[in-house]
Amino acid sequence: MLLAQQLHVHGRRDPLLPATSLHASRGDLTLVTGERQDHRTALALVISGRMKANGGSVSWDGSRGIKPLRLVSALVDAHGVNEPEPHLNVRDLVTEDLALIPRRYRGALLSSPWLKVNSFEDIADLWTEQLVPSRRLELLTALALANPRTDLLVVDSPDRHGAGSESWLPRLQQLASDAGRPLAVVATVAALPPSWSGPAATIGNAVPREPAPEAGAGPEGHTAAPEFALEREDAK
């Protein structure tokens, strides 16, 4: 299970990621809403172990830190980070992504056989920018799962490509609930689909708590500016 508590990331002028808490279990799709694209991408980076938060904690099956999280997670289509470059065709994208799989799992994976086995031959010669949103997501998630160690799938803003939730929600639900390989799937989105009744969270949902007045404080009880609870605990 993924457990994130009061994760936050500083920005140049305002928080890149406001304090956020969430959890995601194998077999479930968890949707996390945020109005700003930079907030959604930052959260996806942090909970997939690609970025270190300035405060809070994140763990996978009780193991804290970036390394264990990164080993089991796949970051899919993060805006401005690992989204497919438009000048690549699908065949070249597959070749590049398969080359990133650790050698001990990759074996003799080659793009042409992989495209055939996974039923993507029909789009192999298209530019990635030509893919319709649903096919794009099918391709990118299939590539993420080519690594057998992937247990956590983090998808950044699948709703940003202009189509409705029918282009991405069924695919993510299917991946999470696959009995043969149940995954913890987290997707950051601008808004929840109207029909959604599953696990959900909101970026910025972890409210900072006022610290208790320090000994020797003045009669008005003035103290330093409020800090996040987990930051104070880590500093002890």
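**Exercise 1.** Determine in which sense strand S6 and S7 pair, and over how many bridges.

*Solution.* Begin with the two strands, S6 (residues 73-76) and S7 (residues 152-156), where helices (H or I, at least four residues) and strands (E, at least two) are DSSP runs numbered from the N terminus. In this predicted model, local features need pLDDT of at least 70, side-chain atom pairs count only at pLDDT 80 or more, and totals for chains, interfaces and linings use all residues. Residues are numbered from 1 along each chain as its sequence is written, and side-chain values use heavy atoms, with hydrogens and water left out. S6 and S7 pair in the parallel sense over 4 bridges, pairing being assigned if DSSP finds at least two bridges between two strands. Within this pairing, Leu 75 stands opposite Val 154 in S7.

**Exercise 2.** Follow the chain from S7 to S8 and state the handedness of the crossover.

*Solution.* S7 also pairs with strand S8 (residues 184-189), in the parallel sense and over 5 bridges, and in S8 the bridge partner of Val 154 is Val 186. Between S7 and S8 the chain passes through helix H7 (residues 169-177), and this β-α-β crossover is right-handed: with the strands pointing away from the viewer, the path from the first strand over the helix to the second runs clockwise.

**Exercise 3.** Decide whether the residues of S7 are buried or exposed.

*Solution.* Buried means under 20% relative accessible area, exposed over 50%, and partly exposed in between (1.4 Å probe, protein chains only). On one side of S7, Leu 152, Val 154 and Asp 156 are buried, as are Leu 153 and Val 155 on the other. Since 5 of the 5 residues are buried, S7 is largely enclosed by the rest of the structure.
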